[in-house]
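Welcome! Below is a short tour of a protein structure, grouped by topic so that you can follow along in the 3D view.

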Amino acid sequence: MTRPSNTNTTSDALQTFQEAVDSMQEEGLDRLQAAVDLESLRDAERDILGRRSELATLQTRVGTLPPAERRHAGALLNAARSILQDAADRSRATYEDADRQARTQSERLDLTESLAEPAAAPLGWLARNRGHLHLVTQTRDELEDTFVSMGFAVAEGPEAETDWYNFEALNMPPAHPARGMWDTLYLKLGEPETVLLRTHTSPVQIHLMESKQLPIYAVMPGRCYRRDTPDARHLPVFHQIEGLVVDKGITFGDLAGTIEEFTNAFFGPGFHSRLRPSYFPFTEPSAEFEVTCPICGGSGCRTCSGSGWIELGGCGMMDPNVFEAVGIDPEEYSGFAFGFGIDRLAQVRVGLADMRLLLDNDVRFLSQF
């Protein structure tokens, strides 16, 4: 133990006190090293550093020493306390890490299935032709990886939402004309037309902003529901990914740069994006964003109607009304949001003529991806 300097002659009382501190420290270290888990470590800490410990008893003895020696005795005691506390903290960190690893291992779920190689058909065919992730799931995973590499976090939320989260907090009060863009699937929960299957993943943005953990740089992938008639480009159950940025000093230029960076990272060099003015009730100004057609590389084809561009999604600067709905000062913070369909993106990337193929579960189709 490093002792405080003392140029004065040590009295018998102080010498006895030093010996008691040394003995207490040595016994305490031995007790901490003998702990085998967090529970025994907590017991040792209580006995060594607690209110009824020998350390506390020595603390009361400081007052019995001559006034000239009390400061030195107190320094001795504090040094011993620091050494014991550091040893306890190191042991706790070791045991907590071991417990965390053990808990992670015990809670680990292996969701993969493997088939042994049986000789008899048709199981032999199944073993040789094991399944894989669906095209939409593959696309979602790639999108998440792309945005995470750009510094975004991934957030998720419930698929059943209240009318407030799905519409009102997003600047669409009851009877707002923008609600006509979606035929909504309401659930028989609570008051009529108050709980519904979310029509977009935008409610997750509201949950994030309500948390007030600013700044926010996050994307929200997930399943959405609308009463759309299935056709070549629409499905009633589809997947969407949205992005949200809320920080100080965010501009429309940051939005355009983020879209361009994503386009380059996801589609590859040579692909670009462009913005066209549009309208969304929760952003102002708003825009549709298009990317270079991945089918023809921008030269023009039937898929892009000869324009060389494919419409991918919408974006815009956050409307101040949305910030006010969640208690964020629009004078201090600004931000932007964007979103597009994952199914639509998968369709464009692989050149599907009909999006309904994604739901047919035809092995001949799915095995190609």
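**The sheet at a glance**

Seven strands form an open sheet of mixed pairing, in the order β1-β4-β5-β9-β8-β7-β6. β1 (153-154) and β6 stand at its edges with a single partner strand each, so one side of each has no neighbour in the sheet. Strands are DSSP runs of E with at least two residues and helices are runs of H or I with at least four, numbered from the N terminus; two strands pair if DSSP finds at least two bridges between them.

This is a predicted model, in which local features need pLDDT of at least 70 and side-chain atom pairs count only at pLDDT 80 or more, while totals for chains, interfaces and linings use all residues. Residues are numbered from 1 along each chain as its sequence is written, and side-chain values use heavy atoms, leaving out hydrogens and water.

**Strand β9 and its partners**

- Strands of a sheet pair through backbone hydrogen bonds, either parallel or antiparallel.
- β5 and β9 run antiparallel and are joined by eight bridges; I241 stands opposite F340 of β9, and D247 has S334 as its bridge partner in β9.
- β8 and β9 also run antiparallel, with five bridges between them, and M317 has F336 of β9 as its bridge partner.
- β9 is mostly covered, with eight of its eight residues buried (buried means under 20% relative accessible area, exposed over 50%, partly exposed in between, with a 1.4 Å probe and protein chains only).
- In a regular strand the side chains alternate between the two faces of the sheet.
- On one side of β9 the buried residues are S334, F336, F338 and F340, and on the other they are G335, A337, G339 and G341.

**The largest pocket**

- The largest pocket has a volume of about 1,200 Å³, where a volume is the space filled by probe spheres set on grid points joined across faces, edges and corners.
- A pocket here is an open set of points on a 1 Å grid over the protein atoms alone, where a 1.4 Å probe fits, with protein on both sides within 12 Å along at least five of seven lines; lining residues have an atom within 4 Å of a point.
- The lining has 46 residues, and E311, L312, G313, G341 and R344 lie nearest the centre of the pocket.
- Elements giving two or more residues to this lining include α8 (202-210), β5 (237-247), β9 (334-341) and α11 (342-350), while β8 gives the most, with eight.

- D163 is found in helix α7 (residues 163-166), and it counts as buried because its relative accessibility is 8%.
- Beyond its neighbours within four places in sequence, D163 is in contact (heavy atoms within 4.5 Å) with E168, R179, Y186, E193, T194 and L196.
- D163 and P203 are 40 residues apart in sequence, and their C-alpha atoms are 9.7 Å apart in space.

**Cysteines**

- The structure holds zero disulfides, a disulfide being a pair of cysteine sulfur atoms within 2.5 Å.
- C315 is in no disulfide, and the nearest cysteine sulfur, that of C224, is 18 Å away.
- C315 is buried, with a relative accessible area of 1%, and C293 counts as buried at 0% relative accessibility.
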